[in-house]
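Visitor: Could you walk me through this structure, one question at a time? I would like to see how each answer is reached.

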Amino acid sequence: MKDTVNQIAASRDITLEQLTRLLTTDDRETIQHLFDTAHATAQRYYGNKIFMRGLIELSNHCKNDCLYCGIRRSQQGVQRYRLNQEQILDCCEQGYKLGFRTFVLQGGEDGWFDDNRMCDIVAAIRRQYPDCAITLSLGERSRDSYQRLYDSGANRYLLRHETADPAHYARLHPSEMSFDNRMRCLQDLKEIGFQVGCGFMVGSPYQTVETLWQDLQFIRSFQPQMVGIGPFIPASGTPFADRPAGSVETTLRLLSLIRLLHPPVLLPATTALGTLHPRGRELGILAGANVVMPNLSPREHRKDYSLYDNKLCTGDEAAECRVCLDRRIRTTGSQLVVDRGDAPTAKLKVENLLN
Ligand code: SF4
């Protein structure tokens, strides 16, 4: 079966049958080979560098009601909050001092952060931190809104596609949300010039090997700069509260496969992975991930941004997270770097392919 891994790496393609075998096999030698090949591929593009993104959770208000989400509109018992511009800039200041050169502004779909407010915030960060990348993760917006945010200085946008199967999408979301609109958003973002991230949960309700295969094919054709995947973790109070969590092992195998199918991708070892396994993020890096996203949000609001239960690091100060992550990453033989961590340019991609 090691040959299967080599074939996937060489062709950058995978059949449904190959995926089924690699997700179900107990052959540790094959799986170790998969992890090692993916890790070596990441190193070919990025050396032993691991990029950090400073996550700023600016609002837990959301107009949507995604069935899996712990801050969905109808969720009871959530202390709702919004950060103001000053608080957001304070997070950036603290993050910059700690070596962060990418700020990720993430929030629910909160109409209070309309284009004028958001563009002001982005422009203020751009003015103060011209050497930093600004990533937004604010859900579905109009093309015009994305364009204005881009023109204000944002560089990247994360919008998980959640599933590339429209029927599966409909089982995870209320009827007013549409798969087609999600795809339209991703396409608009790409055309405008954002570095775009998509992604999905591993082990979400109703997911099958077929839907996962569709996800991998979508990634192959869309060619995003980033892909965020993490295990599904049920959130109490949601319709999926009693569903089992996704598997860490399956997530690691999929991280490796994504690295092999789309080698230059920026691939986070997610907080969800670290929540389900004490060394989840380290294992993610050894399986081909090359990004971590610690939290820079004010500590008093961290626990209120719980998309799922028992989220990691909600009590730590940003500086503590930085030191802890530094130590953890070094155990993998890699190192956290002070760098924007952009996707490699076309020139670098070609050089790496030739070597
Ligand atoms: S997943 Fe995002 S869009 Fe959906 S309810 Fe949660 S915060 Fe809102």
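Visitor: Is S178 buried, partly exposed or exposed?
Guide: Happy to start there, and please keep in mind that this is a predicted model. S178 sits in the loop between α7 (166–172) and α8. Buried means under 20% relative accessible area and exposed means over 50%. With a relative accessibility of 30%, S178 therefore counts as partly exposed.

Visitor: Which residues is S178 in contact with, leaving aside its neighbours within four places in sequence?
Guide: S145 is 33 residues from S178 in sequence, and their C-alpha atoms are 19 Å apart. Contact asks for heavy atoms within 4.5 Å. Once the neighbours within four places in sequence are set aside, the contacts of S178 are E140 and Y169.

Visitor: What does L138 contact beyond its neighbours within four places in sequence?
Guide: Q207 is 69 residues from L138 along the chain, with 25 Å between the C-alpha atoms. With neighbours within four places left aside, the contacts of L138 are L58, L105, Q106, G107, G108, E109, M118 and Y157.

Visitor: Are R28 and E249 buried, partly exposed or exposed?
Guide: The band between 20% and 50% relative accessible area is the one to check. R28 has 44%, so R28 falls in that band. E249, at 25%, also counts as partly exposed.

Visitor: In the D131 and R101 pair, which residue is buried?
Guide: D131 and R101 form a salt bridge whose closest N and O atoms are 3.8 Å apart. The pair links distant parts of the chain, with D131 in the loop between α5 (115–128) and β4 and R101 in the loop between α4 (85–97) and β3 (102–107), 30 residues apart. D131 has a relative accessible area of 36% and is therefore partly exposed. At 15%, the buried residue is R101.

Visitor: And in the pair of R143 and D188, which residue counts as buried?
Guide: Their side chains meet in a salt bridge of 3.0 Å, N to O. This pair links helix α6, which holds R143, to helix α8 (residues 179–192), which holds D188, 45 residues apart. R143 has 35% relative accessibility, so R143 is partly exposed. The value of 9% marks the buried residue as D188.

Visitor: How many salt bridges does the structure hold?
Guide: Besides the pairs above, D65, R72, R73 and E176 are linked in a network of salt bridges. For the structure, the number of salt bridges is 23.

Visitor: How many charged residues are in the shell around the ligand?
Guide: The residues that surround the ligand are C62, N64, C66, Y68, C69, I71, R72 and G108. Arg is one of the types that count as charged, and R72 is among the residues listed. By class, the shell has 5 nonpolar and 2 polar residues, and the number of charged ones is 1.

Visitor: Which residues are closest to the centre of the largest pocket?
Guide: The largest pocket has a volume of about 170 Å³. Of the 15 residues that line this pocket, the closest to its centre are G70, Q75, V78, K303 and S306.

Visitor: Which element supplies the largest share of the lining of the second largest cavity?
Guide: The second largest cavity has a volume of about 40 Å³, and its lining includes H39, A42, Q43 and Y46. Both α3 and β1 (49–52) supply at least two lining residues. The largest share, 4 residues, comes from α3.

Terms used. Residues numbered from 1 in each chain as written. Predicted model: local features only at pLDDT ≥ 70, side-chain atom pairs only at ≥ 80, totals over all residues. Heavy atoms only, no water. 1 Å grid on protein atoms, 1.4 Å probe; cavity = no way out; pocket = protein on both sides within 12 Å on 5 of 7 lines; lining within 4 Å. Points joined across faces, edges and corners; volume = space filled by probe spheres on them. Salt bridge = Lys/Arg side-chain N within 4 Å of Asp/Glu carboxyl O. Buried < 20%, exposed > 50% of the residue type's maximum accessible area, 1.4 Å probe, protein only. Near = heavy atom within 4 Å.
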